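Good morning, everyone, and thank you for making time for this.

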Amino acid sequence: MFRQTKTVLAKLQNVRLKGLHLSWRRRSTAAAAAAAAGEKAHQYTAGQQIHGFTVKEVVAVPELFLTAIKLTHDRTGAQYLHAARDDPNNLFSVQFRTTPMDSTGVPHILEHTVLCGSQKYPCRDPFFKMLNRSLCTFMNAFTASDYTMYPFSTQNAKDFQNLLSVYLDAVFFPCLREQDFWQEGWRLENEDPADASSPLVFKGVVFNEMKGAFSDNERLYAQHLQNKLYPDHTYSVVSGGEPLAIPDLTWEQLKDFHATHYHPSNAMFFTYGDLPLEQHLKQIEQEALSKFERIQTNTRVPSQPPWASPREERVTCSPDAMAPDAARQSTLCVSYKLGDITDTFEAFTLSLLSALMTSGPNAPFYKALIEPKIGTDFSSVVGYDGSTKEASFSIGLQGIAECDADKVKNIIRQTVDSIIESGFEDERIEALLHKTEIQIKHQSSNFGLSLASYIASSWNHDGDPVELLQINNSIREFRRALQENPRFLQDKVQHYLKENSHRLTLSMSPDDSYLDKQVSAEERKLREKIAALSDSDKKDIYEKGLRLLAAQSETQDASCLPTLKVSDIAPTLAATPLHMTKAGGVPLQLCEQPTNGLVYFRAMCSLNTLPEDLKLYVPLFCSVITKMGCGSLDYRQQAQQMELKTGDMSVSPQVIPDCAHMDVFEQGVLLSSSCLERNLADMLQLWAEIFNSPRFDDPERLRVLVMMSAQELANGISYAGHVYAMTRAGHLLTPAGELLETFDGMDQVRFMKRIAEMSDLTPVLRMLPRIKKHLLNPENMRCAVNATPQGASESVLHLENFMTDVAGKRKRFKAVRPNVIQRPLDVNNISGACKTLVADSNFQPCHMKTFFQLPFPVNFVSESIRTVPYSHKDYASLCVLARMMTAKFLHGEIREKGGAYGGGAKMAGGGLFSFYSYRDPNSVQTLSAFGKGVDWAKSGKFSQQDIDEAKLSIFSAVDSPVAPSSKGMSVFLSGITDEMKQRHRERLFDVTRGNLLDVAERYLSVGSKTYGVSILGPENDAIKKDPSWVVK
Ligand SMILES: [Zn+2]
């Protein structure tokens, strides 16, 4: 499904504790709730037998407000962990150790094919169908290097049972039909399946997905690094599949892999939440485990034998047209093999040590590698990575000149030596432990899922997941170790980095002919496969292709699947009480929430008075304003204070469409920050200094930050290409769309590339104070605080002081655009404070087709249509239509038939109805699939069941849990109140077949000037020859 890439995994592991965000308890206060969940769970005792399982251990974990119950299934040996916690967002996950020994992508293709139908649920693609029959808050599957995981979460008990049944049947009793293997894995097929004389080509979802994945150079580098650091077993192969090795996989091999790996004796089950454990155990035993006997598994990963001497390797990649500096596109990093991740305390220590060495401007590797500007940023893999059986630590740079390789190696060596000599300041260690405390307290909206991925790797190698949850034990032990031996951390560096001969230096450089070589390698592979075919084989392929197409086009009967009904959806929304007040004359929204003692402070600052020529610089301003130093603090001291006193402080540009008018929007920047209650005054002091005396005097510091953001933007295109395509397609359709392209679109990517290429940044530096005086101005500001009742009332006083501190910055400027509209912040108090929106009543939407030629083997395609805003009566119908078209038509056309990784339609609050495809082998053909989707909708070939399913799917998003830190934000930012949400909710319930036919006809009939198109992709002859396209 949506494969979690190694880069993502590495980044997750790199900030391991970040994955641990608590979810809130909505039913009662924190302490009482923890006690209630604990009480229930404590009724279990070790040795107790329940539904074929034996309880092994019951452990309270007070720091996470949960009780962990560890069990084993008696007959099969399946492992089970339940985390009882008073959180209604329940999670289930089953994980198998999958350790392939070749790069055919067998675990990944299996992950896809088990979701294509099972014994009890033999309809095609039950997994995707359940998305429309459930109120799940999460449903997905991942293939990691050494395990495959199937998690889902939901707040509805009936839904939990339904999904559990489908998941169990999928993984243990899948059909694994040959046709599923062709569709999801790979196949040879006529380019046009209906035409036997058209050339044979490779097709298949995973085949295309992996071609797309390897077009991302960061991903490619991470893959090579892992393969070469652990060359003797499963980590030496590509578990997701190397595109040209995928066609070596047979259907038989796939079925074998399933039989040996997807067995209870090789399985780990995890459940989380407030539903009773016993019911889960009963269902799992009855529907799956009772049908198996224990087998001897052979999936353990052995330790990698250590090397006698360090190694060095080189690889190549495709050049990056968006690279901030074309002459500097190499990556070099040194990677060290560390200890086993099942040693919980050692892993905890090494991940903290890694953060001390690499994160933030006070870290020694940041000072030594980033600040001399030899490269643009750290290498894509950096720091501690605990996603393999033995962990690794990596350090290096991307965006370097090839000739600087030795320099980088020398710096790494010298930095290791200097860390061993001087260690770390106590204050930095304290700052890091403070950060850990905040991360444990911060509550995310899907805590069960965070836990599942947090424990997955260690548990996969028989580590103790319960030990991993007891973070306070690790923190205590860490403090004790430091006290006993002040050189504790330095000794680790000496042992793991200095004296470690199992280290790999890997460099990667662009090769201009890289893509050509890939294309010819694929052609060679194709010729080989075709040469081996007889005439009757070819005829067979043609017929199979027709059969697959026919199967994909068949109307599908999903009635075997369980489903919730529209009547299972709560008719009304739970309200979020807000309190509107003022602090120092500035409007303030207070939202009391169980935040575990954290305060979340935000401020929205309008940019209506900012001169137009400065707009392009706003995202740059946002990304540097908290990182350049302020008042008496230089940027290092500022970073240190932020780590010691806050969870984070950041600024981001905002383009917020109005709910009522298409040509009205708000433009601004949002200040976001969080801290422990006791630190609020200190945090506001830091903000005050940023307002009063930010430092814009260091062009070298600015260059470092510019390089890093330009690199990040360039790297982002290959995985968020569809977002760039949608932003572009909509950019001439509304005034807000235009500004969005300026802030977040390809325009911004190119602008940042130009800035990064400038030899002198002084002119840019001079822009920053000009922007500052318009943006950081109490005159144009409103604030919001989310905190506990006590924290909220105290925050008002602190904010008054803050407003006094920054009062000198209060200035009135004239709005740049003449047409401004005032909207009350509080709809119930229209004489109260207002926010200012921009109106463009003369706006004329324009049609434009833009093609961005990029060095990718796949396309991202989008078409956007101007429709109606959030509060219009047709908005709900368009939402249901987009969801239904995606599930019932576009998914089949774009993914199943077209071979793209994904595609569909969505309706956005700004009133743009957008089609998109993701990692798509097709380009203009996909545009005609969008058109066919509209015809399909207008023809009314859908049933009441289809409409109900679309509604369920929308409500699972509408009702997905919102973390306490984010409650009330839709009022604060967009002015969407609970009453407006309730009205939208009722309209969603009321959408009829007639409404859908009506809106499809009135809004989606193309031919008017109200739509735009954009494609990002490789060189495209058809588009080049067509003068209606603008090629960029
Ligand atoms: Zn996949």
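Before I point to anything, let me settle one word: a residue is called buried when its relative accessible area is under 20%. Please also keep in mind that what you see is a predicted model.

With that word in hand, let us go to helix H9, which covers residues 251-261, and where Leu254, Phe257, His258 and His261 are buried. These residues span an arc of only 100° around the axis, so they sit on the same side of H9.

If you draw a box along the principal axes, the C-alpha atoms fill roughly 85 × 75 × 65 Å. Of the 1032 residues, 62% are buried, and, among contacts with a separation of 6 or more, 81% are between residues 24 or more positions apart. As for the surface, the chain exposes about 38,000 Å², and carbon and sulfur atoms supply 50% of that area. The chain also carries 111 positive and 120 negative charges, whose mean positions are 3 Å apart.

Is serine 795 buried or exposed? Its relative accessibility is 0%, so serine 795 counts as buried. Setting aside residues up to four places away in sequence, serine 795 touches Leu590, Leu680 and Val785. Although phenylalanine 601 is 194 residues away from serine 795 in sequence, their C-alpha atoms are 9.1 Å apart in space.

The second residue is valine 858, found in the loop between strand S26 (849-853) and strand S27 (859-866). Valine 858 has a relative accessibility of 2%, and therefore it counts as buried although it lies in a loop. Beyond its neighbours within four places in sequence, valine 858 has contacts that include Asn208, Gly212, Arg919 and Leu1016. Glycine 808, on the other hand, is 50 residues from valine 858 along the chain, and their C-alpha atoms are separated by 53 Å.

Methods
Residues are numbered from 1 along each chain as its sequence is written. This is a predicted model: local features need pLDDT of at least 70, side-chain atom pairs count only at pLDDT 80 or more; totals for chains, interfaces and linings use all residues. Side-chain values use heavy atoms; hydrogens and water are left out. Buried means under 20% relative accessible area, exposed over 50%, partly exposed in between (1.4 Å probe, protein chains only). Contact means heavy atoms within 4.5 Å. Accessible areas come from the Shrake-Rupley method with a 1.4 Å probe; for residues, only the protein chains shown count as cover. Lys and Arg count as positive and Asp and Glu as negative; His and the chain ends are not counted. The place of a charge is taken as NZ of Lys, CZ of Arg, CG of Asp or CD of Glu. Helices (H or I, at least four residues) and strands (E, at least two) are DSSP runs, numbered from the N terminus. The arc is that of the directions from the helix axis to the C-beta atoms.
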